[in-house]
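User: I would like to go through this model and ask what stands behind each label. Please set the values against the cut-offs.

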Amino acid sequence: RRGQVIYAAMNTPYETPDEPMPATETVTVTPDSDELIVECPECGPRRTMTITALTLTADGQLTETDKTLLRGYSPNLAIYNDYLVLASQNPHDWRSSLVQSFLLTDPADPLIPLDTIQVPGRIPSEFHLHVKAQQLRVVYGPKDFEDGSHLAIFDLSSLTPTLLGKVEKIAPGEDLFATRFVADRAFVVTY
């Protein structure tokens, strides 16, 4: 909940195959470079999540004020002062994750989507995400076990997040278990 808006995320079946899925641009962090690659959002199975913004009216009723449909499943949801961040498994590639951020600052439009970020690994929980000063920090486990975990930092000041930097190969050969963000540091637990 932020202000008068309550946000709900749920896995949903996408049952209207004749209606196209909403297009979202996907930004990919490639493991070999800092280059960002745009992926095809229209491909793959129709596994979806619904994000709904609800407002409590004066008579105590919930009213839907905004709603969006996203690809992915098993969402990890984190909410911050100005952002709602959802990390989910990629339905096209189980070894990668999708990160969808929403700007929450406009009362007239409570779910302003930023472009989806795809990371080559899994994000185990919402505790591996953090937003501070319009920067999204994401710690994700390895796509290939021998590569170790990674920390990527994205600039959220525009609707297209850009990669600011990353730390790769954190504890190669170990699995990612926990992350704790404190001030400008990330503490990552692997074994």
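User: What makes Asn76 and Ala87 opposite residues, and which strand holds Ala87?

Analyst: Asn76 stands opposite Ala87, which is in E7. The strands concerned are E6 (residues 73-79) and E7, paired in the antiparallel sense over five bridges. Two strands pair if DSSP finds at least two bridges between them, so five bridges qualify E6 and E7 as a pair. The strand names themselves are DSSP runs numbered from the N terminus (strands E of at least two residues, helices H or I of at least four). E6 and E7 also form a hairpin, with three residues between them.

User: Before going on, what kind of model is this, and what limits apply?

Analyst: This is a predicted model, in which local features need pLDDT of at least 70 and side-chain atom pairs count only at pLDDT 80 or more, while totals for chains, interfaces and linings use all residues. Residues are numbered from 1 along each chain as its sequence is written, and side-chain values use heavy atoms, with hydrogens and water left out.

User: Which strand does E7 join through eight bridges?

Analyst: E7 runs antiparallel to strand E8 (residues 93-103), and eight bridges join them. Leu86 has Gln100 in E8 as its bridge partner. Two residues lie between E7 and E8 in their hairpin.

User: Why is E7 called largely enclosed?

Analyst: Buried means under 20% relative accessible area, exposed means over 50%, and partly exposed lies in between (1.4 Å probe, protein chains only). Seven of the eight residues of E7 (residues 83-90) are buried, so the strand is largely enclosed by the rest of the structure.

User: What makes a group of residues a nonpolar core?

Analyst: The members must be buried Ala, Val, Leu, Ile, Met, Phe, Trp, Tyr or Cys residues, joined through side-chain atoms within 4.5 Å. The largest such core has 19 residues, and those with the most contacts inside it are Val85, Ile123, Leu129, Val131, Leu136, Val138 and Phe154. Two or more residues come from each of E7, strand E10 (116-119), strand E11 (129-132), strand E12 (135-140) and strand E13 (149-155). A second, separate core has 11 residues, including Met49, Leu70, Leu84 and Leu104.

User: Which residues does Val138 touch?

Analyst: Contact means heavy atoms within 4.5 Å. Leaving out residues up to four places away in sequence, Val138 touches Ile123, His128, Leu129, His150, Leu151, Ala152 and Phe154.

User: What makes E13 mostly covered, and which strands does E13 pair with?

Analyst: Five of the seven residues of E13 are buried. E13 pairs with E12 in the antiparallel sense over six bridges, and Arg137 stands opposite Ile153 in E13. Six bridges also join E13 to E14, again antiparallel, with Leu163 in E14 as the bridge partner of Phe154. The hairpin of E13 and E14 has six residues between the strands.

User: How do you know that Lys132 and Asp184 form a salt bridge?

Analyst: A salt bridge is a side-chain nitrogen of Lys or Arg within 4 Å of a carboxyl oxygen of Asp or Glu. For Lys132 and Asp184 the N to O value is 3.1 Å, so the pair falls within the 4 Å limit. Lys132 lies in E11 and Asp184 in the loop between strand E15 (176-182) and E16, so the pair ties together parts that are 52 residues apart in sequence. At 35% relative accessibility Lys132 counts as partly exposed, whereas Asp184, at 67%, is exposed.

User: How many salt bridges does the structure hold?

Analyst: The structure holds five salt bridges. One of them joins Lys169 to Asp147, with the closest N and O atoms 3.6 Å apart. Lys169 is in strand E14 (residues 162-170) and Asp147 in the loop between E12 and E13, 22 residues apart. Another salt bridge joins Lys166 and Glu168 at 3.5 Å, N to O.

User: Why is Asp147 called partly exposed?

Analyst: Asp147 has 27% relative accessibility, so it counts as partly exposed. Glu168, at 34%, also counts as partly exposed.

User: What is the phi of Lys169?

Analyst: Lys169 has a positive phi of about 55° although it is not a glycine. Gln134, in the loop between E11 and E12, has a positive phi near 60° and is likewise a residue other than glycine.
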